[in-house]
Each structure stands twice: as C-alpha cells, then as structure tokens.
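Let's take a walk through this model together. Have the sequence open alongside it.

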Amino acid sequence: MTEQTHIRNLLLNKGFFPEVLPPCFDSENLAASFQGKTQDIEARKFHNRAADYIRYSGTKHDGHRRAYGTVNPIPYFNACQFIFSNWEIFETKFKSSKLSLDKVRLGRGTEDRAIIVPTLSELTNRISSQIRFSPYILKADIAQFFPSIYTHAVSWVAHGRDVAKANLKHNSTTATFNAFDWFTQQCQSGQTRGVTVGPDAFRIFAEFISCEIDNQLLERINNIDPNIIIGGVRHVDDFYIGVRSEVDAAVVLSVLRDILQTYELQINDTKTKVISGLEAFDDVWAQELRAISLESWSGKYSYAIDKAHEVAKSVKSQSPIKLILRRLDTAKCYRSDLWESIEAMLQRVLWHYEHCTDYVCLLLTKRVAIQQSFDRSGWSETVAMLIKRHLAFNQHHEIAWLLWTALVCNLHLDEDLISQVSKMQNSHLRALIIAAYGKGKLNKKPPITLGRSLSTSDSNWLHNLVGKSLDYSKAKFSGDFADEFEHLAEKEVELINFDKHMTSVSQFNKAAISSSKYGYDAQQEADEDEHAIPF
C-alpha cells in the first residue's frame, strides 16, 4: 500500500463516523469492502448523485447542542480519493501557515482517529511561548465555522478566486479542486453552505482554507507594519495574536474581518476580545483541578467529583466534570476498591451533566470489560430512566451512549423501551438496535420495518445497509447507490461492532477514554522546537 493510498484508507477506516458516537460505530473494514468496486465508483464520480447525511444531536459544555453528521460512504469515498491524490498540495498548504498551532497530523498505529487534533489544554505552553513577550493579545473566534464555510472556497484557495470562478465545471482540468467542492456537496444533499461536522476529510477541507486565511492575514499586516504582530497562533478557528497595543489589536481585527468576509465567514463578536498578555490560556480552575492529588487518601475520588461539581456550578460549564472523569481514568478508578465509593456518584452525574454521558459510560464499560463487580440493578434503572427522559427531547447523543452501554454491559431494558427508541427517526439509533438484534443482544426482533426496497441516498441509508449486511432484510437496495450498496452488503461491511472496544479495554493498562478520540488531556507534550514559529 502506498503512502497516499494509506491516507485514503485511513480517512475511510478511522475518519468516517463522528468521534462523538459510541465506539461500536466502527468503519475499520470500510476501505477493504470497496475492493473490486473502486473503478466503477471512480467512473461515476461526476454524476449528480447527491446523498443526505444522518443528523446527530450532540452535547456542548454549556448545555447547548451541537449538530454532527454521518455522510453517505460513496460520495465520501470520492472525497477521500481526492485527498490522497492531491495530498502533496494539501501538505504544502498546511506547512505554509506560520499561525496554525495544530498542523494536520495523521493518526498512527493504535490511535483511534485518522486526523489528530490536539486539545487546547495540550497546547497552552506552546501558545504562551509563541506569542512571546506580547503585552496584549487579540483573541478572535470565527462564528459557526464549519456550518458557514462556503464549499466553493476550497477551489478559491487552491487556484485563486478569479481562476476558480472562470472554470466552474466539476471536472475542470484547470481548477481541479472544483472536484473536491463537488464531492463535498454530494455528501450533504448538494448544499454549498457549510461542511458536515464529523468526517475527518472535512477537517482537512476546513484546515486547507484556514491556512490560507493565516497566510493572508500575516501578509496584509506585514504590508501595513511588520512590527504590529509580535507572535501568534491559531487553534482550529480560534486566533491568539500577540500585539503591542490595543490599537494594533484593532488593526489586526479589521484585517481579519475583511479576509473572512471574502470567504463568506464572520467574526464571532461575543467571543472576540483584547486581553492582557498575562491572561491564562488554560482556565485557572482547570489547573486547580489537575492539581488535586488522587493518590493520597481514601476519599480522594469522591472529593474530586465534589470539587468539580462546585466549580462547574461556578463557571456554568460541564467541562470541570469531564476533566475530573478523565483524571479518574488516569487514576484507574475502575480497578480500585474505591469504585464502590463513587459508583452512585457517577450514576448521579448522568442525571445532571449530559455532556459527560460518554465519559461515564466509558468508565463503566471499562469496569465491566475487566470483569469487576458493579451495581447492575442501579445502572439498569438509571440507564432506562434516562433513555426515557432523553427520548422526549430527541437527544441522539445521550440515547446512543446509554443504549450502547446497556447492550455491552448486559443491563436490563424493557421491550417497550426498545420499541420506543426504534420509532425514532434516526438511522444511528435504528442501526444500533438492528445490529444488537442481529448479533444476539436482543431476544425479540425490534419493530423496525425496512420496506420492500432499501433507500441508499436518504438519511436512512445506515440502518438499511446494516440490516441488509446482517440479513435482517431480504429487500433489494434502490436509488443512486444501489449497485455500490449491494457490493458492500455482499462484502459484509461491518459498521457496528460491539466486541472490538470491549476486547480492547479489557487489557490491563488500556485507558477507558481514548486519548486520540475523546479530547483527552495529553500526558506528554510534543517537542516544542518542532513547532516554533519564525516571525
């Protein structure tokens, strides 16, 4: 396998599903399932075959919701194919940015994602060193970055706006990045406004545009006065620009606004401000919670949760609880005799901190995977009651994680509750239930009828494909991708795997919460010199 083909397969096998889905959603054999069909897909890549994506309502630390999506695998294959065919161009653009703090890094070995994006807490020291002695810092944020990106902008960046607008054909030999624009649109029902949050290929899409914004900002500021910017960085869509004065900050902000507008993007005014160079990049409360010793006394775990709860109420964010849950993972609370002292607290966390649902579920499933005792009846009642609660609000994230946890931990769920979840119009949840039945985790067949033909281009494609692959339905596929889906089903593509994660975390030293998937705080920093910014 060539390095470039590896990139394509990595994006398919580890960068297909949104990382916020439970770990049973797994596309590890997706690339292999395309074998024997790639030439046919390539031959039809410029046919108008737009597909809908599956919505996924996720959580945010402030109690609001974030929209994610799982795109159709056929147009996504074309997007991944384009990336590997043009990887040198992407890589050159990424390396050209002097502001990008998180250069696109491909996942290695056992890392769980195709593209690794470090958390802000990992980067605090690098931010501090790279703004140098700046007395003031312009902190700027792009409003609704992914949902606002204009898909045509990727061709504008690659070829220049005039060239791209003069060559509008999808298969243009002059503006070749029109093809990437086209494949992206085909993944999202032909929409040109925004890119779907979730697939790793679209992180590459966004970073390609962001690096050009970085370069234009530095070039235009240097033309005004090369001494205005002392140092600066960008982390995804957050800018930290070190300047000499508030006046200089206003100049930089004005130029940044103008550049963003050329790409149909806007500054988020509520999050944009000028701060002192002494302001902490990592919240002080986070530093304090990290300083709590979890090794010194018997009440250590419960005290840490109590303290995080107190801080969470004060800062009006659920992030303190997530941080402590990650620390409990590091302390291997699930292997300790002290598990019983916090088990009921973890159950209560689920009631009050929806954003922490995934972490609590991962800690519990680790405990089960290493075959330690747990409060089966308490967890069964808690999970069942919470699924009922989240059903009323159509909250996909919480239901998916709780349902997965119940299935892999063998918790009791009433047939009526399974029936209620089955009625939800969400293909992630229906696929999860169909797979559970197909793999013997449900005794009674769920009330999910797939019909006489299985659509391949609407938002039901996932549970249709899972159902056909598991022989849940004998119906034939219909729609634009029927031929490709028949091929994937014959190859028995496995997009839901209940055993892989549990087998992995049953290993003695394996963390419950993946350091490369769920935003875990890094324990070791990368070499600082490798990321120095030459101004």
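The tour goes from a sheet to a cluster of rings, then to some helix packing.

A quick word on ground rules: this is a predicted model, where local features need pLDDT of at least 70, side-chain atom pairs count only at pLDDT 80 or more, and totals for chains, interfaces and linings use all residues. Residues are numbered from 1 along each chain as its sequence is written, and side-chain values use heavy atoms, with hydrogens and water left out.

Start with the open sheet, whose four strands run in the order β6-β7-β5-β8 with antiparallel pairing. Helices (H or I, at least four residues) and strands (E, at least two) are DSSP runs numbered from the N terminus, and two strands pair if DSSP finds at least two bridges between them. At the edges sit β6 (229–235) and β8 (273–276), each pairing on one side only. From one strand to the next, the twist averages 20°. Six bridges join β6 to β7 (residues 238–243) in the antiparallel sense, and V233 has Y240 in β7 as its bridge partner. Helix α11 (residues 200–224) packs on this sheet, touching β6 and β7, with its direction at about 170° to that of β6. Contact here means heavy atoms within 4.5 Å; axes are lines fitted to C-alpha atoms, for helices over the stretch in contact, and angles run from 0 to 180 degrees between N-to-C directions.

Now for the aromatics. Rings of Phe, Tyr and Trp (its six-membered ring) pair if their centres lie within 6.5 Å; planes under 30 degrees apart are stacked, over 60 edge-to-face, and the rest tilted. That rule gives 27 aromatic pairs. F82 and F183 have ring centres 6.5 Å apart and planes at 65°, so they meet edge-to-face. Because F82 belongs to helix α4 (residues 73–85) and F183 to helix α10 (residues 178–186), the pair ties together parts 101 residues apart in sequence. F82 is buried at 8% relative accessible area, and F183 is buried at 3%; buried means under 20%, exposed over 50%, partly exposed in between (1.4 Å probe, protein chains only). Ring pairs link F82 and F183 into a cluster that includes F90, F94 and F208.

Finally, look at helix α20 (residues 415–422), where L417, I418, S419, V421 and S422 are buried. The buried residues of α20 pack against α18 (376–391), α19 (396–408) and α21 (427–438). H396 lies in α19 and is buried, at 7%. Among the residues H396 touches are R55, S57 and M424.

Note on methods: Lists of a residue's contacts leave out its neighbours within four places in sequence.
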